[in-house]
Number of protein chains: 2
Amino acid sequence: MSKGLLIVVSGPSGAGKGTVCSALLAKQADIKLSISATTRAPRNMEKPGVSYHYFTKEEFIEQIGDDGFLEYAEVYGNYYGTPKKFVLDALEAGNDVLLEIDIQGALKIKETYPDGVFVFILPPTLKELQKRITSRGTETEESLKKRLGAALEEIELAFEYEYCIVNDEVDAAVEEMEAVVKAERCLIKRNHERIHNYREEEFYVEA
Amino acid sequence: MSKGLLIVVSGPSGAGKGTVCSALLAKQADIKLSISATTRAPRNMEKPGVSYHYFTKEEFIEQIGDDGFLEYAEVYGNYYGTPKKFVLDALEAGNDVLLEIDIQGALKIKETYPDGVFVFILPPTLKELQKRITSRGTETEESLKKRLGAALEEIELAFEYEYCIVNDEVDAAVEEMEAVVKAERCLIKRNHERIHNYREEEFYVEA
């Protein structure tokens, strides 16, 4: 069986990567979602094992020692990480795995797993990103400027990815994600064994 | 306007690249087909400008001198080539261009136009290829063996391409072609300008 694809999706906050990923998973039931681990406390509606796997700090640090994460980071005193075993087991079983993670995490994974499919979700324009951010709630002008500045810096890092998908309309963005996955499976570099196999076939010429 | 994609399709005789390309063009009317030029005489049902552009030997050689071909070759005393102007004009106008050409021609184009999308059409198995070849008409055992041997040698050259599509069922193969085209348009390397453009946007923060 051929190994599954590791699909790594990032993008600035407000670009809608969560929406695109959820819609992709709803259409393609055979893609497995990797759930991150964290030491921060669950919030309102979050469910263990769905939003995150919740670890104590001790558990998390032990997992780090056991090389249990594909990548991890400490942010404002809390740890976040991608559990390695789930991802590698699913890939080995031939399932595609979707990771929706921040850019720093994605770039760490790219170092150790360059065969992954690295997709960057973009907003149509900064102006549209601003609309989406402000429609969410109460941003001060100051914090809005900060967020747009941060988004612009993140967008510069798109050049480290292989694909970009502009999330103007969710359905179109999901179709592009599906096309990327389908096309990646057709890459020669992922089909060496298949191509070598013709050589192994016995000729079947009837007399 | 962004430039179109140069889609170059090859594969061993009998793999069905013609069928796949025709079905793709029927679905995607905006893809332009490049018509090859040849000095050989038109056959039964062939139409000038549809099957081939028919050139005299003198015309063809003059075009070679004018750098009028993306690639050309002489086969059994006849010339075949890909007229350059049609392809480059269409790409410049933002149209995708499909080239269905032999492997030698494709590899020449890859040297001068590495940004092309190089797709190799494969039969499901050699046995299936044999079935397709024999169902076409009267092959002697000798000529069949020769053709299968040639196909096997050609398949080795798939490693020079970027994508392979196994033509087991035409509709599925066409969907893979479409996915490849859609995914290629999402490649970061084809979207540098778009990504740089966010920087040029003026911030739009209302007071």
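Predicted model: local features only at pLDDT ≥ 70, side-chain atom pairs only at ≥ 80, totals over all residues.
1. Of the 207 residues in chain A, 34% are buried.

2. Next, have a look at how the two chains are related. Chain B can be superposed on chain A by a rotation of 180° with 0.0 Å of shift along the axis, and the RMSD is 0.0 Å. This is the relation of a two-fold axis. To find the axis on the model, go to Ala179(B): its C-alpha is the one in chain B nearest the axis, at 2.2 Å. Both copies use the same surface, as 100% of the contact residues of chain B recur in chain A.

3. The interface itself deserves a slow look. Here 34 residues of chain B are in contact with 34 residues of chain A. On the chain B side, at least two residues each come from helix H5 (126–136), helix H6 (141–156), strand E9 (163–166), H7 and helix H8 (192–200). Which of these elements gives the most to the side of chain B that touches chain A? That is H6(B), with six residues. Sorted by class, this side of chain B has 23 nonpolar, three polar and eight charged residues.

4. Staying with H5 and H6, but now within chain A, you can see how these two helices meet. The axes of helix H5 (residues 126–136) of chain A and helix H6 (residues 141–156) of chain A come within 11 Å and cross at roughly 135°. Because of that angle, H5(A) counts as oblique to H6(A). Their crossing is right-handed. From H5(A), the contact draws on Leu126(A), Leu129(A), Gln130(A), Ile133(A) and Thr134(A), while H6(A) brings Leu144(A), Arg147(A), Leu148(A), Ala151(A) and Leu152(A). By class, the residues of this contact of H5(A) with H6(A) are seven nonpolar, two polar and one charged.

5. Helix H1 (residues 17–27) of chain B packs on helix H7 (residues 170–185) of chain B at an angle of about 65°, and their axes are 9 Å apart. H1(B) passes H7(B) in a right-handed crossing. The H1(B) residues in the contact are Thr19(B), Val20(B), Ala23(B), Leu24(B) and Lys27(B); those of H7(B) are Val170(B), Ala173(B), Val174(B), Met177(B) and Glu178(B). In this contact of H1(B) with H7(B), seven residues are nonpolar, one is polar and two are charged.

6. Is Leu6(B) buried or exposed? Leu6(B) counts as buried, because it has 21 C-beta neighbours inside 10 Å, and the cut-off for buried is 20 or more. Leaving aside residues up to four places away in sequence, Leu6(B) touches Val87(B), Leu91(B), Val97(B), Leu99(B), Tyr113(B), Gly116(B) and Val117(B). Ser135(B) is 129 residues from Leu6(B) along the chain, and their C-alpha atoms are separated by 33 Å.

Conventions: Residues numbered from 1 in each chain as written. Chains lettered and ligands numbered in written order. Axes fitted to C-alpha atoms, helices over the stretch in contact; angles between N-to-C directions. Helix = DSSP H or I, 4+ residues; strand = E, 2+ residues; numbered from the N terminus. Left-handed = near helix turned anticlockwise from the far one by under 90°. Contact = placed C-beta atoms within 7 Å. Nonpolar A, V, L, I, M, F, W, Y, C, P; charged D, E, K, R; others polar. Buried ≥ 20, exposed ≤ 12 C-beta atoms within 10 Å, placed from the backbone. Least-squares fit on C-alpha atoms with pLDDT ≥ 70 in both. Parallel < 35°, antiparallel > 145°, perpendicular 65-115°, else oblique.
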